[in-house]
Each structure stands twice: as structure tokens, then as C-alpha cells.
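My entries follow the order in which I looked things up.

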Amino acid sequence: RRVLFRSVWLKEEKYYNIVKDAFTGETAQKFFNTDLLLKYLDEHYNGKADHSRRIWTVFIFLVWYNIY
């Protein structure tokens, strides 16, 4: 079985906290239901579900938006 990089790095506390900060930030609040984002992040981090694609997509959008 192939392990996706985005699925693995999100389970490291360092990166979990970086994404959590982004998901609770001002930009995220403009565009998303941040409670739902945090639910996805926590479920993924705790191994209850694989939300890596959703988390990655939103996180990259937030990074992009803050740069451009």
C-alpha cells in the first residue's frame, strides 16, 4: 500500500500546529467553516479518518492567498 506524503506529515505535531494556526486564522474565517476544518484536522491527526486531501487543499489555498 502506498503512503501519501500529505497524509503522513499531517500526523506530526509540528505540522499539525502549523495547519491548525492557518485554519484558525483570519483568512480561514473569511472563506471557511473553521469549526469543520478543525474537526477534519483533529480526526485526521488522531487516526479516525483520512482527511488529508481536504486539509491539504484548504491549507495550500490559505498559503497561496496570504502570499498573493
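The entries below concern a predicted model and take up a helix pair, a single helix and a single residue.

**Entry 1: helices α2 and α4.** I first looked up the axes of α2 (residues 13-23) and α4 (residues 34-45), which come within 10 Å and cross at roughly 170°. I then listed the residues that make the contact: α2 contributes Glu13, Tyr16, Val19, Lys20 and Phe23, while α4 contributes Thr34, Leu37, Leu38, Leu41, Asp42 and Tyr45. Sorted by class, this contact of α2 with α4 has 7 nonpolar, 1 polar and 3 charged residues.

**Entry 2: helix α5.** I checked the length of α5 (residues 52-67) against expectation. At 1.5 Å a residue, its 16 residues should span 22 Å, and the end C-alpha atoms are 22 Å apart, which agrees. Which residues of α5 are buried? I noted Ser52, Ile55, Val58, Phe59 and Leu62. These residues cover an arc of only 145° around the axis, so they lie on the same side of α5. On the face turned away from that buried side, I found the exposed residues Arg53 and Ile67.

**Entry 3: Gln29.** I located Gln29 in helix α3 (residues 26-31). Is Gln29 buried or exposed? Its relative accessible area is 52%, and I therefore recorded Gln29 as exposed, the cut-off being over 50%. Leaving aside neighbours within four places in sequence, I found Gln29 in contact with Thr24 and Thr34.

Key
Residues are numbered from 1 along each chain as its sequence is written. This is a predicted model: local features need pLDDT of at least 70, side-chain atom pairs count only at pLDDT 80 or more; totals for chains, interfaces and linings use all residues. Side-chain values use heavy atoms; hydrogens and water are left out. Axes are lines fitted to C-alpha atoms, for helices over the stretch in contact, and angles run from 0 to 180 degrees between N-to-C directions. Helices (H or I, at least four residues) and strands (E, at least two) are DSSP runs, numbered from the N terminus. Contact means heavy atoms within 4.5 Å. Ala, Val, Leu, Ile, Met, Phe, Trp, Tyr, Cys and Pro count as nonpolar, Asp, Glu, Lys and Arg as charged, and the others, Gly among them, as polar. The expected span of a helix is 1.5 Å times one less than its number of residues. Buried means under 20% relative accessible area, exposed over 50%, partly exposed in between (1.4 Å probe, protein chains only). The arc is that of the directions from the helix axis to the C-beta atoms.
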